[in-house]
Amino acid sequence: MRALDRRNAWLPVIGGLVALAWLTLAIWEQSPYGRYLDHPRWTDVGIAAALCRALPAGDVVLPALLYAGGWLLMIAAMMLPTALPLFRLFDRMVQPRRDYTGLMGLLIAGYLAVWAGFGIAAHLLDAAVHAGARQSEWLMLNGWAVGAAVLALAGFFQFSRLKYRCLDKCRAPFGFIAERWQGPQPWRSAWRLGRDHGLYCVGCCWALMLLMFVVGTGNVGWMLALGAIMAVEKNMPWGRHLSRPLGGTLLAAAGLITTTNLWG
């Protein structure tokens, strides 16, 4: 009876998390603090700028913390829906267990932890790119070059073997669970399942996620568009066939930006 009462209980929970993340991002974007979702402007003015000046290494630590919070909201909104097949299958498998809630929580936490780690790494890379650009007069005058390079990188990655290897893992949740679920250590196995699925998810989607730094990390519209593309790639029967046309489109966009700015 307890298993019947809990049937699909996690689906509305995950749905609620996703909806709350989108709502929070939309309200945050429209609020007076919306600039804190826009990566280069965290420390310009306001309370964040004052805290950065007051705290030791505040200009590094505070933006990283702000970004981690914003990034987790983005991941909850954009990436949790793409992992629903795994969550649903694991939910059905562990429903009869007394530690059902803990196992589901560890699965989701492991998944989000990997994406949070990627977000911090992306933040540090973006900060390094901005620091390097400030040392180059040409890049200061031609900021479009960084955007074109990211578009080209994302486009080329769409044709890579690593992309398809990771994508195939994400599209086969039953085999994924069968390879990694070990009954004697269920809590460790649940965390490992979430962590490993997060790693493969990052492996197939990292380049597309970097596009958020081109269009604006706080742009909810682009979050919706990219989240939908990644969900289709990972979960729709024909989604795998979207990758190469998308790569060609990204390469064409990078070429158009370059041509327009160099010879336009």
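Let's start with Thr82, which counts as buried because its relative accessibility is 1%; buried here means under 20% relative accessible area, exposed over 50%, and partly exposed in between, with a 1.4 Å probe and protein chains only. Thr82 sits in the loop between α4 (58-78) and α5 (84-94). Helices like these are DSSP runs of H or I with at least four residues, strands are runs of E with at least two, and both are numbered from the N terminus.

Before going on, a word on what we are looking at. This is a predicted model, where local features need pLDDT of at least 70 and side-chain atom pairs count only at pLDDT 80 or more, while totals for chains, interfaces and linings use all residues. Residues are numbered from 1 along each chain as its sequence is written, and side-chain values use heavy atoms, with hydrogens and water left out.

Back to Thr82. Which side chain does Thr82 join in a polar contact? That of Lys234, at 2.9 Å. A polar contact is a pair of N or O atoms within 3.5 Å; within protein, one must be able to donate a hydrogen and the other to accept it, and residues adjacent in sequence count only if both atoms are side-chain atoms. Setting aside neighbours within four places in sequence, Thr82 is in contact (heavy atoms within 4.5 Å) with Tyr111, Cys201, Gly227, Met230, Ala231, Lys234 and Asn235.

Now to another loop residue, Gln158, found between α8 (144-157) and α9 (161-170). Gln158 is buried, with a relative accessible area of 0%. Its side chain makes a polar contact with the side chain of Glu233 at 3.0 Å, and a polar atom of that Gln158 side chain lies 3.1 Å from the backbone oxygen of Ser243. Beyond four places in sequence, the contacts of Gln158 include Lys163, Tyr164, Leu208 and Leu250.

Next, the cysteines. In general, a disulfide is a covalent bond between the sulfur atoms of two cysteines. The rule used here asks for a pair of cysteine sulfur atoms within 2.5 Å, and by this rule the count comes to 0 disulfides. Cys166 is in no disulfide, as the nearest cysteine sulfur, that of Cys204, is 6.2 Å away. Cys166 is buried at 6% relative accessible area, and Cys204 is buried at 1%.

Let's step back to the whole chain. The protein chain has 14 helices and 0 strands. Of its 264 residues, 42% count as buried. Among contacts with a separation of 6 or more, 74% are between residues 24 or more positions apart.

Finally, two helix pairs. The axes of α5 and α6 (residues 100-134) come within 10 Å and cross at roughly 160°. Axes are lines fitted to C-alpha atoms, for helices over the stretch in contact, and angles run from 0 to 180 degrees between N-to-C directions. So α5 and α6 are roughly antiparallel; angles under 35 degrees count as roughly parallel, over 145 as roughly antiparallel, 65 to 115 as roughly perpendicular and the rest as oblique. Where they meet, the α5 residues include Leu86 and Phe90, and the α6 residues include Leu103 and Tyr111.

The other pair is α10 (residues 173-180) and α11 (residues 186-210), packed at about 135° with axes 10 Å apart. These two are therefore oblique to each other. Phe176, Ile177 and Arg180 in α10 meet α11 residues including Leu193 and Tyr200.
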